[in-house]
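Hi there,

Here is the structure I promised to pass on to you. Have a look at it first, and then read my notes below.

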Amino acid sequence: MEELQIFNAEEIQSQQSKTITKSKDLIQKARHSLSAKELTLVDFMVSKLEETDKDLFFVDTTIAEINEVCNFGQGGAAHSSTEKALLNLANKGFWMLLEDGTKTIGRWLEKPYIKAGQTRLKLDSDMAPYLLNLVDGKKSRFFFKDIINLKSIYAKKLYESLRSYQEEEIIMSVNEIKILFNKEDLEWYRVLAYLRKAKNDINAFTTIEVSYLTVKEGRETVAIQFKIKQKAQVLLDAQGNVLNK
């Protein structure tokens, strides 16, 4: 088991405040069955990459750092839970298209190496075009802190999907939302309950505010029209006091 590590609060806050950059296509088209913790781990790894890394697809960290930055908890149970989540992440693949049109299985995590808490995470090199050197118009940016604050996988998925459009108004069909939530076989009124909860969580715990209207054909709901508004940011001084109350 790893040794107890005490992290500087300013260092943790700096890591949590990083901006995540991913390909819009990756967010909108990749179908996955990640858990809430696994998706947070993905974004932790992405936050460690620089867009100019080119072929550098290793993340060197510790289990303690992961747990501290991602608010996964401390102690032996948290350590074991994170190791299990890394194993699950390495075992979950999804279909993706390479630049030459080849269809292959992509993995967020190819393999983890863990020794006495020291951890090296090897990412799938096929993911490079979707994470590095992305041009404007093809990339989505969002705040890692927002992902950390969201605990529900549905809220995390909805947040990332809405942010990927980089527009204030987005229309998603009922079928697209069902696919996003992995609820294709569920009746819409049941899926709507997940959508309402995801929207409420986003409004409560992130830097954006989401509202939506139903789009109907006759009496049937066929789509959802989302509106996104950026919240006014709370400014803090060096001592953490609120400046703009």
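**The core and its rings**

The largest nonpolar core holds 67 residues, and Trp108, Leu131, Leu158, Ile177, Phe181, Leu195 and Phe226 have the most contacts inside it. Such a core is a set of buried Ala, Val, Leu, Ile, Met, Phe, Trp, Tyr and Cys residues joined through side-chain atoms within 4.5 Å; buried means under 20% relative accessible area, exposed over 50% and partly exposed in between, with a 1.4 Å probe and protein chains only. Helix H3 (residues 36–48) gives the largest share of this core, seven residues. Helices (H or I, at least four residues) and strands (E, at least two) are DSSP runs, numbered from the N terminus.

A word on the source: this is a predicted model, where local features need pLDDT of at least 70 and side-chain atom pairs count only at pLDDT 80 or more, while totals for chains, interfaces and linings use all residues. Residues are numbered from 1 along each chain as its sequence is written, and side-chain values use heavy atoms, leaving out hydrogens and water.

There are five aromatic pairs in the structure. Rings of Phe, Tyr and Trp (its six-membered ring) pair if their centres lie within 6.5 Å; planes under 30 degrees apart count as stacked, over 60 as edge-to-face and the rest as tilted. Phe94 and Trp108 make a tilted pair, 5.8 Å centre to centre with 40° between the planes. Phe94 counts as buried at 5% relative accessibility, and Trp108 does at 6%. Tyr154, Phe181 and Tyr194 form one aromatic cluster, in which both Tyr154 and Phe181 are buried.

Enjoy exploring!
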